[in-house]
Amino acid sequence: TNSGDMSYEETYYIPKTLKSVTITNGSIVKGSFYNCSWFTNITLSDTTEFIGALAFYKCNGLTNLVIPNNV
């Protein structure tokens, strides 16, 4: 197989008791918070460099998403 066809996927446990998240720096990779419908608040810092596709897909409980102008 061609190495370009390989993909890497990592799974993290995000507790459902967590309602608010603040991203302090770096990038948010594809699907990071996919289906985390229990989140109500997500805040990104002004040092966030990239937001991947579907990063917040199905985060239906969000009532507040703060994205700085420079992101």
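These legends describe close-up views of a predicted model. Local features are given where pLDDT is at least 70, side-chain atom pairs count only at pLDDT 80 or more, and totals for chains, interfaces and linings use all residues. Residues are numbered from 1 along each chain as its sequence is written, and side-chain values use heavy atoms, with hydrogens and water left out.

**View 1. Overview of the protein, with five strands and zero helices.** The order along the sequence is β-β-β-β-β. Helices (H or I, at least four residues) and strands (E, at least two) are DSSP runs, numbered from the N terminus. The accessible surface is about 5,300 Å², and carbon and sulfur atoms hold 51% of that surface; areas come from the Shrake-Rupley method with a 1.4 Å probe, and for residues only the protein chains shown count as cover. Of the 71 residues, 24% are buried. Buried means under 20% relative accessible area, exposed means over 50%, and partly exposed lies in between (1.4 Å probe, protein chains only). Among contacts with a separation of 6 or more, 20% involve residues 24 or more positions apart, where contact means heavy atoms within 4.5 Å.

**View 2. Parallel pairing of E1, E3 and E5.** Strands E1 (residues 20–23) and E3 (residues 41–44) pair in the parallel sense through four bridges. Two strands pair if DSSP finds at least two bridges between them. Val-21 has Ile-42 of E3 as its bridge partner. Ile-42 also stands opposite Leu-65 in E5. E3 and E5 (residues 64–66) run parallel and are joined by three bridges.

View 3. Asn-41 counts as buried, at 18% relative accessibility. Neighbours within four places in sequence are left aside here; the remaining contacts of Asn-41 are Lys-19, Ser-20, Val-21, Leu-62 and Asn-64.

**View 4. Cys-36 and Cys-59, with no disulfide.** A disulfide is a pair of cysteine sulfur atoms within 2.5 Å, and the search of the whole structure finds zero. Cys-36 forms none because its sulfur is 5.4 Å from the closest cysteine sulfur, in Cys-59, which is too far for a bond. Cys-59 is likewise in no disulfide, its nearest cysteine sulfur being that of Cys-36. Cys-36 is buried, with a relative accessible area of 4%. Cys-59 also counts as buried, at 8% relative accessibility.

**View 5. Nonpolar surface patch that includes Ile-67.** Ile-51, Leu-65, Ile-67 and Val-71 make a patch of about 270 Å². Patches consist of residues with over 30% relative accessible area and no salt bridge; like charges are joined within 9 Å, and nonpolar side chains (Val, Leu, Ile, Met, Phe, Trp, Tyr) within 5 Å. A salt bridge is a side-chain nitrogen of Lys or Arg within 4 Å of a carboxyl oxygen of Asp or Glu. Ile-67 lies in the segment after E5 and is partly exposed, at 40% relative accessibility.

**View 6. Positive phi values at Leu-54 and Lys-58.** Leu-54 is in the loop between strand E4 (48–51) and E5. Its phi is near 60°, a positive value in a residue other than glycine. Most residues other than glycine have a negative phi. Leu-54 is partly exposed, with a relative accessible area of 45%. Lys-58, found in the loop between E4 and E5, has a positive phi of about 65° although it is not a glycine. Lys-58 counts as partly exposed, at 37% relative accessibility.
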